[in-house]
Amino acid sequence: MELELASETLHELTVTTKTWEDFKQKVEKERELVYKQEALALADVRRSIAMQIPGGRPDCPLSGMEEEKTRRKYGVKIADALAEAQAGRTRGGSTVKREEENNSKFSMEEGKVADFGELDDYHGGLVDVIGLPTTLDDLYKAIEEEHCNREDSDKSFKPTNYNTETTPKYEWKAVKEAQLRRELSQGKRTIRAVEELMDDERVKQSGLRCEEVVALVLYTGTDMTCAQDG
């Protein structure tokens with residue numbers, strides 16, 4: 001599950017917090033800071049801010065903001081520029097096309113309509129949609145619990161990308177049990193062992209962790225439909 005935070009940050013939060021609520025609040029705060037940093041890094045936002053900063057020299061471009069009186073005066077202008085940049089993106093300045101134009105590209109099955117959110121939905125990330133994992137210090141265990149120990153773990157569903165019926169628990173077993181992997185690896189479907197994938201040079205170069213590889217195997221199989229439906 002993607003939290004948009006570096007593993008080092010998550011580890012530090014894990015060892016420095018005593019309660020779940022405290023940990024959750026700190027994770028949300030860190031995610032908020034990440035989103036703001038990403039927004040401030042956008043070229044049009046940086047330009048809007050730079051246009052409001054007076055004076056400056058090549059060797060010290062922000063020297064015009066050294067005096068308190070100047071900061072008070074232009075601080076409001078910078079805030080207004082940020083607000084205008086955000087308003088422009090909310091109005092569609094980031095080129096959000098109509099769903100009728102995009103649906104054919106993202107639709108997996110005729111008759112289904114993809115859901116399109118706003119910019120705030122994107123910045124909210126998966127956590128705002130499905131919440132945090134139950135075990136943040138062991139994401140592998142969290143993935144297993146979400147597939148095997150939930151009310152819907154044995155609820156059957158039929159994916160759109162494979163002509164079969166399955167359950168979340170069965171899909172977890174398909175990834176973990178060698179005999180079942182061999183039985184299900186037929187036709188266009190091939191389930192490779194996680195250990196084999198971890199030894200792949202491309203996986204090593206990308207720095208993927210075991211739980212990330214497991215999540216990829218699950219999502220690219222029949223479990224894709226279950227994951228998309230939340």
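This briefing describes the fold, the confidence and some side-chain pairings of one protein chain. The model is predicted, so local features need pLDDT of at least 70 and side-chain atom pairs count only at pLDDT 80 or more, while totals for chains, interfaces and linings use all residues. Residues are numbered from 1 along each chain as its sequence is written, and side-chain values use heavy atoms, with hydrogens and water left out.

**Overall make-up**

- The secondary structure of the protein chain comes to 13 helices and zero strands, where helices (H or I, at least four residues) and strands (E, at least two) are DSSP runs numbered from the N terminus.
- Of the 230 residues in the protein chain, 30% are buried; buried means under 20% relative accessible area, exposed means over 50%, and partly exposed lies in between (1.4 Å probe, protein chains only).

**Confidence**

- The protein chain has an average pLDDT of 77, and 78% of the residues score at least 70; pLDDT is the predictor's confidence in each residue, from 0 to 100.
- Among the elements of the protein chain, the lowest mean pLDDT (40) belongs to helix α5 (residues 99–106), and the highest (92) to helix α10 (residues 194–198).

**One side of helix α12**

- In helix α12 (residues 210–219), the buried residues are Glu 211, Val 213, Val 214, Val 217 and Leu 218.
- These residues lie on the same side of α12, because they cover an arc of only 160° around the axis, the arc being that of the directions from the helix axis to the C-beta atoms.

**Salt bridges**

- The count comes to 13 salt bridges, each being a side-chain nitrogen of Lys or Arg within 4 Å of a carboxyl oxygen of Asp or Glu.
- Arg 31 and Glu 28 meet through their side chains in a salt bridge (2.8 Å, N to O), and they are separated by about one helical turn because they are three residues apart in helix α2 (residues 20–40).
- Within this pair, Arg 31 is buried, with a relative accessible area of 2%, whereas Glu 28 is partly exposed, with a relative accessible area of 26%.
- Another salt bridge joins the side chains of Asp 154 and Lys 169 (3.5 Å, N to O).
- This pair links distant parts of the chain, since Asp 154 is in the loop between α7 (139–148) and α8 (168–176) and Lys 169 is in helix α8, 15 residues apart.
- Asp 154 counts as exposed at 56% relative accessibility, whereas Lys 169 counts as partly exposed at 24%.
- Salt bridges that share partners join Arg 192, Glu 196, Asp 200 and Arg 202 into one network.
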